[in-house]
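Hi,

Here is the structure I promised to pass on.

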Amino acid sequence: MEIPHIVVDQLTPSQQQGWNTYFGDADRPRYIEEGIWRRTQEEATAGQSGWSGGDDARRRLIHYRYRYGLVPTTAAPAIGLTDLYLYHSVTAPADEITAHEDAVRAALAVGGWKRTPGGASWMRRDLKCKITQYALHPQDAVARRKLPQNYRSLDVQITSAQYAPPPAVRQRPWDVLATGIRIKDQRGTPALVPDLSVLADHLPFQVEIGCGTSVEAGIPPLHRLHEIYRVTDRRGDDPREHRFTLSPTSDPLLHEVLTEPEEKTAEFTEMFKACFLAEPTPAMHALKELHDAGHLVGPVITNNFDVLAARAGLEECFMRRYDQAVPDVGWVDGAKALLVVGLHADRRKVQARARERGLKVVYLDPEGFWHDGQFKPYPLESPQDDDLVCRKQAAEGLPELVNLLAKATN
């Protein structure tokens, strides 16, 4: 596979301007795409991990970090993947790790990878692969994590040939692992409201948005990444809990990458491509109207990397970060409510801090979705007793709010 790998070919002048304004020269490196998953087999995850006792301690870490940039072409610049970094670490019983390493080496052969001089790594055009097996992973030794005696670990690192991940990047998934599994919130008994007119009594308000607003713009939901990186056995749009991919012998990700890297890289980059090509939706334009009217204050607190709020003319406060466990929020003195739009569990600590500040927390979310002609409930996790929930899509609820507040304030 050749690096740069073209993701969006021959940009129009407006697309070039969009790249320069919102991606290439932005206030944070939006040309960097990064994700981490840690899945562990323990009693607290028994339903999804298959844990049945003390000898079940399988673990799987996935960390990807991609850099994109403008690539000159004959007709017009393109957006290309310029740096690729994929780290895959599994810990399992020794016999499973042996079979896993054999399968990885077989996939390298099928994919036409060649050993480098000295045999420390493999090359396939502009990609490099390194495999390391550990009786005791150095990260476990440092953290003094105890695993069953017969367990081993296998690390596979795939990078673009010219990219050397710095120590801080290599350490990041292990820092995330050390934070422990996510403990789900216990939902309270929020009141249901037919619309967002209640915000007329809590002006001005701030807003936090999740991937619901992105899905309305045609961007795949985040669980699409679970499919691409085989985080669970999820298939399709149903967001119900699925079993973790933990047994290395039934994990197809590395086989897909090593045997057909061009095809798999097209999947790896599809989320970034969709984000770049998306346009602000009616919901985003409604937020801009609410801001211009003085009803919405402060930056849009966002968990999304699509820059849609910024492209609608709003300031963003980006929350999906790995360098801060609880990122700073641009709270505004005098704000009386937090409107949470299309966001499930990811950044519920923001809502907790809003309550601590005395803000009324109001949710706009249908709490379900249509799949195969049926509406499937998908309840929010975070609402508490004094919160309010309006079960509408952002595309309906936010423009409606613009009209409601215009009437209420005239």
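Strand 6 and strand 7 make a hairpin with two residues between them, and Arg125 in that turn has a positive phi of about 55°. Strands here are DSSP runs of E with at least two residues, helices are runs of H or I with at least four, and both are numbered from the N terminus. Before going on: this is a predicted model, where local features need pLDDT of at least 70 and side-chain atom pairs count only at pLDDT 80 or more, while totals for chains, interfaces and linings use all residues. Residues are numbered from 1 along each chain as its sequence is written, and side-chain values use heavy atoms, with hydrogens and water left out.

Strand 6 (residues 122–124) and strand 7 (residues 127–134) run antiparallel and are joined by three bridges; two strands pair if DSSP finds at least two bridges between them. Trp122 has Cys129 of strand 7 as its bridge partner. Strand 7 also runs antiparallel to strand 8 (residues 151–160), this time with eight bridges, and Ile131 is partnered there by Val156.

Next, helix 5 (residues 167–178). Its 12 residues reach 17 Å from first C-alpha to last, close to the 16 Å expected at 1.5 Å a residue (that is, 1.5 Å times one less than the number of residues). Val169, Arg172, Pro173, Trp174, Val176 and Leu177 are buried in this helix, where buried means under 20% relative accessible area, exposed over 50% and partly exposed in between, with a 1.4 Å probe and protein chains only. The cover over them includes strand 2 (32–40), strand 3 (59–71), strand 4 (78–93) and helix 4 (138–143). After the helix comes Gly180, with a positive phi near 85°.

On to the cores (sets of buried Ala, Val, Leu, Ile, Met, Phe, Trp, Tyr and Cys joined through side-chain atoms within 4.5 Å). The largest has 77 residues, and Ile158, Tyr229, Leu339 and Leu398 touch the most other members. Strand 4 gives the most to this core, six residues. Another core, apart from that one, has 17 residues, among them Ala335, Leu338, Leu380 and Val389.

Last, Thr265, in helix 9 (residues 261–268). Thr265 counts as buried because its relative accessibility is 3%. Leaving out residues up to four places away in sequence, Thr265 touches Met1, His5, Leu81 and Leu84 (contact means heavy atoms within 4.5 Å).

Cheers
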